[in-house]
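This briefing covers helix packing in one structure. Please look at the sequence and the model before reading on.

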Amino acid sequence: MSNSYNVSLNERSALYNKDHQTIARRMKLVDEDFALTSKAQKRVWRRFPVSENSERKLTFKDFIKNARKSLTWLRRGPEGWHIGVKHLAHVPRQPRRVGRRPNFLPRQNEVRGGYGAFYPYEHNHHHLIAIGAVEEWVIGKGASGSPSRSDLVVKLILISRWNIHNEKNMVLLPQQEFESLIVGLPAHCPWGVPAHSVYQTSLKERLRKLRKKLDRAITQEKHPKDLKAEILNDLNTLSVELLEQVKTMRAGVQLTAANV
């Protein structure tokens with residue numbers, strides 16, 4: 001996740017370093033002391049997917065509690081939710097981490113890295129070309145061919161030097177809808193449901209086209225060196241297209257389908 005943090009900090013900071021205090025007040029989601037307004041709580045209640053309650057351990061009260069925790073850091077100033085900011089005092093209660101840690105710095109282990117995925121608000125590093133989509137429609141069961149053919153496809157992708165965790169294929173997103181509404185980006189996997197099936201399924205046709213191209217190359221016995229630049233370009237181009245679409249998706253709701 002370090003790639004995502006670095007590109008977000010150095011090249012995409014405008015996505016994250018807005019005046020979130022003013023935005024939250026303008027939306028009437030917080031009062032002057034940055035407490036949740038009744039409007040904000042009603043919105044969380046309306047959006048809370050009650051139909052899935054029996055399958056989830058988290059409750060409506062948990063999401064209200066988490067929103068209040070996020071506002072604890074926003075209350076500290078206009079830079080409370082900015083990426084890379086280090087707070088001088090009142091840091092999260094994690095005694096093994098000494099010193100100040102920047103907002104959103106990924107946690108690496110028990111003693112190295114940042115304060116984790118809940119600071120300053122719950123967030124996640126989203127793969128624009130999703131791992132599950134690559135497994136299903138480029139490598140695995142959603143593509144044609146035998147397991148040995150899939151092994152060859154994997155080798156071609158490895159030879160291309162494409163890394164699914166590369167900066168072009170990563171974007172930092174709020175995890176929950178309340179914070180995403182203020183940040184101005186879609187939510188990653190809100191409400192404790194670890195999936196974005198609508199977004200992932202929308203990549204199907206584009207990735208199946210890539211698999212068919214690789215199948216043809218294998219059938220024609222093309223040399224991998226003749227393919228690696230094309231494979232790398234196809235995947236990086238798709239990542240760039242997806243990033244631009246994600247940036248314009250509706251804020252305050254989960255990632256929707258991409259048009260690729």
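In this predicted model, helix 10 (residues 204–219) and helix 11 (residues 228–248) have axes that come within 12 Å and cross at roughly 175°. Angles over 145 degrees count as roughly antiparallel, so helix 10 and helix 11 are roughly antiparallel to each other.

**Contact of helix 10 with helix 11**

- Helix 10 contributes R206, L207, L210, K213 and L214 to the contact.
- Helix 11 contributes E230, I231, D234, L235, T237, L238 and E241.
- By class, the residues of this contact are six nonpolar, five charged and one polar.

**Packing of helix 4 with helix 5**

- Helix 4 (residues 38–47) packs with helix 5 (residues 60–74) at an angle of about 140°, and their axes are 10 Å apart.
- Helix 4 and helix 5 are therefore oblique to each other.
- The crossing of these two helices is right-handed.
- On the helix 4 side, the contact is made by Q41, V44 and W45; on the helix 5 side, by F60, F63, I64 and R68.
- The residues of the contact of helix 4 with helix 5 divide into five nonpolar, one polar and one charged.

**Helix 5: length and burial**

- Helix 5 has 15 residues and spans 21 Å from its first C-alpha to its last, close to the 21 Å expected at 1.5 Å a residue.
- The buried residues in helix 5 are F63, I64, A67, S70, L71, W73 and L74.
- F63 and I64 are buried and also take part in the contact with helix 4.
- The cover over the buried residues of helix 5 includes helix 3 (20–26), helix 4 and helix 8 (177–183).

Definitions and conventions
Residues are numbered from 1 along each chain as its sequence is written. This is a predicted model: local features need pLDDT of at least 70, side-chain atom pairs count only at pLDDT 80 or more; totals for chains, interfaces and linings use all residues. Side-chain values use heavy atoms; hydrogens and water are left out. Axes are lines fitted to C-alpha atoms, for helices over the stretch in contact, and angles run from 0 to 180 degrees between N-to-C directions. Helices (H or I, at least four residues) and strands (E, at least two) are DSSP runs, numbered from the N terminus. Angles under 35 degrees count as roughly parallel, over 145 as roughly antiparallel, 65 to 115 as roughly perpendicular and the rest as oblique. A crossing is left-handed if the near helix is turned anticlockwise from the far one by less than a right angle, and right-handed if clockwise. Contact means heavy atoms within 4.5 Å. Ala, Val, Leu, Ile, Met, Phe, Trp, Tyr, Cys and Pro count as nonpolar, Asp, Glu, Lys and Arg as charged, and the others, Gly among them, as polar. The expected span of a helix is 1.5 Å times one less than its number of residues. Buried means under 20% relative accessible area, exposed over 50%, partly exposed in between (1.4 Å probe, protein chains only).
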